[in-house]
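Biologist: Please take me through a few features of this model, with the criteria behind each term.

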Amino acid sequence: MPMKVDIISEWTGEIGEVTIGATKKEGGSRCAAIVIGGGSGFPFLGGSAPGRKPLIAFEFCDDPKLWSPIVTEFEGDVVNDAGAWAARAEERHRPDLLRFYLTSTRRRGFQEFSQVGRSVEEVLERSTLPLIVEGSIDPAIDSETFLRCGEAGEGERLLLGTAEEGRYRSVAAAAMAYGHSVIAQSPIDVNLAKQLNILLRETGVPHDRIVIDPYTGALGYGFEYSYSAMERIRYAALKGDEDLAMPMISSAIDSLNIKEVREADPGQRGEMAVKWELYTAVSSAIAGASVVCVRHPDTIVPLRSAIDSLWGKTGGGD
Amino acid sequence: MALKALDIYKLLPKKNCKECGEPTCLTFAMKLAAGKADIEKCPYLDEEASRILGASTKPPIQRVKIGVGERSFAVGDEFVQFRHEKTFNHQPGILVAVSDLWPDDRIQDVVREVRDGVLVRIGTDLRLDGIAIRCESGSAEEFSRAVAAVEAKADLPEVLMAADPGVMEAGLSVCGAFRPLIYAATDENYQGMCALAGKFGCPLTIRAESLESLAKLSALAAKEGAPALLIDPSATTLSDYIKKATAIRQNAVSKTVPDLGYPIFFDTTVTGMQDAALALGVDKYASVLVCDRLSIPSRNALLTLRQNIYTDPQKPIQMNPGIYRVGEPVRDSPVFLSVNFSLTYFTLQGYLEASGVPCYMLVVDTEGYSVLTAVAGGKLNETLVAESIKKTGLESEVDHRTLIIPGYAAPLSGKIEDESGWKVLVGPRDAAGVAEFLEKEWKK
């Protein structure tokens with residue numbers, strides 16, 4: 001029986017592309033302009049349009065008191081200087097992107113907006129990787145915070161986060177005014193993700209400036225919902241739903257705070273953090289995330305090997 | 001062709017004996033039609049009926065049981081490609097490899113770890129499943145010694161890994177009665193291996209590089225009388241595995257290539273990156289995973305991922321509204337308002353538990369929305385809170401009348417006080433701050 005068994009693919013839709021970062025030639029100062037997304041198929045299955053290999057973002061912040069002590073103890077004093085932390089992450093941890101959280105804005109009654117702009121500028125000065133910036137999470141200070149972020153990164157084609165239903169206008173406005181893209185986060189639901197993308201479009205944010213964040217619950221704390229939400233979003237996009245055909249970003253931000261990691265035996269806590277992040281990020285990439293984010297520096301090397309091995313030698317082929 | 005529930009019902013004995021575990025033959029028929037019951041559970045089927053029903057209710061991927069007793073497990077019996085289409089039914093068994101080159105005590109250290117190691121999560125005991133015994137000596141005596149060393153310590157499911165049917169028979173003569181999985185039949189040795197599988201009544205793994213050869217070999221093995229099969233597409237890289245496993249699953253569930261309708265075997269030790277391979281195997285269709293000894297962090301992450309992926313997605317993401325207890329709260333313990341989005345609930349519950357302060361959680365029905373979204377969309381409002389306090393009988397549980405609401409619900413605090421008559425304390429926005437909040441603000 002001479003038959004050939006192959007992957008069955010019946011898709012017509014394509015995943016859109018988003019560019020993060022601008023080089024000197026393009027008016028920025030990043031080492032590269034990275035394109036994420038693209039392709040027409042499920043991740044890692046090859047085919048004629050395999051899209052792009054998922055990228056790794058390293059997350060850090062400007063107020064380490066609001067960061068996992070597992071990471072701040074591992075990194076040492078450098079965490080008290082966001083610019084220095086960015087430089088060190090780029091040089092030693094070697095991610096593809098940096099994701100900078102302005103955790104300082106999360107303190108009650110935060111008003112030091114000029115510091116927001118200065119922090120973003122400092123990170124841009126001390127590093128060359130394309131940058132994702134996470135601003136405030138409070139509608140009362142969103143407008144001012146995102147304005148400062150957007151302004152400080154003008155020309156750098158940042159990815160700005162995070163827009164949610166009910167508080168997306170400030171992020172969108174800053175992105176549009178200064179040429180950045182937007183992370184659109186919805187609570188683990190295909191329809192809500194689509195709805196937010198439509199709202200953003202109506203505000204004037206084009207599809208090629210939106211990255212979907214379906215919200216990633218930590219492993220053991222709802223990760224399965226996020227995993228399936230990502231697969232469903234990808235599936236809908238491949239079936240032709242253009243309002244869901246954006247690349248996705250996944251960050252299980254609670255991973256290092258959950259009981260299983262936080263209360264692990266002190267001798268194993270670091271490894272527990274790394275394994276928790278690794279199993280989550282590998283699975284998120286398999287479910288369709290174009291950018292997977294981690295906080296423990298030691299997660300990056302095994303995660304990169306995994307993604308390389310999943311990708312194969314020639315762009316999703318063998 | 002799939003039969004409808006009523007067609008199946010006509011073939012059943014209609015005794016309503018309940019011996020299959022269902023209350024009536026009709027409910028059993030409905031479950032069979034949905035692929036959720038096993039026809040063999042009916043003890044009174046006549047031959048003709050069992051022939052018809054056996055073929056038509058057969059899942060696209062064969063169900064295979066490995067091992068006997070308490071720790072035995074079944075795999076296969078899957079119907080869908082994506083878990084969101086319905087659910088994945090049988091989680092993969094994870095078996096830790098030992099070598100017949102090792103002395104008994106080294107083998108038994110691993111056996112004890114698998115036998116006794118347990119991770120308790122949300123009320124469930126999560127464990128690794130068994131032992132894979134690998135013949136690296138080439139000697140039948142050494143192999144049977146290693147099998148005996150495993151048997152001496154535990155009744156765990158086993159995979160016997162040897163290429164030579166003579167060596168395999170030596171292993172099976174020690175443990176063949178306990179339904180170990182035979183690994184593996186290939187082009188070269190399949191007749192010998194199939195004969196052993198038939199003789200000992202054990203499931204058999206067949207291995208080939210290409211999916212075409214796998215399909216061909218599985219048809220041959222079935223003809224030779226092997227009672228139950230697994231298939232190993234011999235992947236050595238993650239890329240190779242995800243493509244082959246996806247093609248097998250698609251062609252099996254669509255019944256395009258029925259000869260690939262068997263559970264998948266994945267030996268992750270050959271990939272050189274065990275953690276990632278195990279995560280991939282759990283996510284994408286592996287039914288038996290073989291790995292080297294795992295550190296506790298790897299084991300815990302793996303078992304948790306497997307529990308997550310094999311949770312039924314048809315179960316809602318919502319908690320039942322009501323009163324939940326953290327620790328053993330008493331009449332003056334604090335009460336936290338929360339919403340019925342399960343991630344919100346679990347996150348808050350985790351931090352409350354860590355705070356060490358026993359308390360109550362009043363979970364109200366926001367249709368599964370998180371606090372921020374529920375406040376913005378009006379799903380979380382004072383009427384709902386006041387009604388929930390009454391309906392749950394919270395006022396007879398505690399003597400005080402103070403409700404701690406999430407930071408993001410702060411705009412509702414006045415209205416909740418007016419509507420419910422309770423005093424409102426605004427808690428932190430981020431659940432991570434509850435321990436500090438309790439320390440500073442909960443002083444009465």
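Modeller: Helices are DSSP runs of H or I of at least four residues, strands runs of E of at least two, numbered from the N terminus. This is a predicted model: local features need pLDDT of at least 70, side-chain atom pairs count only at pLDDT 80 or more, and totals for chains, interfaces and linings use all residues. Residues are numbered from 1 along each chain as its sequence is written, with chains lettered from A and ligands numbered from 1 in the order written.

Biologist: At what angle do H4(A) and H5(A) pack?

Modeller: H4 covers residues 139-152 of chain A and H5 residues 169-178 of chain A, with axes 8 Å apart. Axes are lines fitted to C-alpha atoms over the stretch in contact, and angles run from 0 to 180 degrees between N-to-C directions. The angle is about 25 degrees.

Biologist: Is Phe44(A) buried or exposed?

Modeller: Phe44(A) sits in the loop between strand S2 (34-37) and strand S3 (55-61) of chain A, and its phi is near 70 degrees, a positive value in a residue other than glycine. It has 26 other C-beta atoms within 10 Å. The cut-offs are 20 or more for buried, 12 or fewer for exposed and in between for partly exposed, with C-beta atoms placed from the backbone. Phe44(A) is therefore buried.
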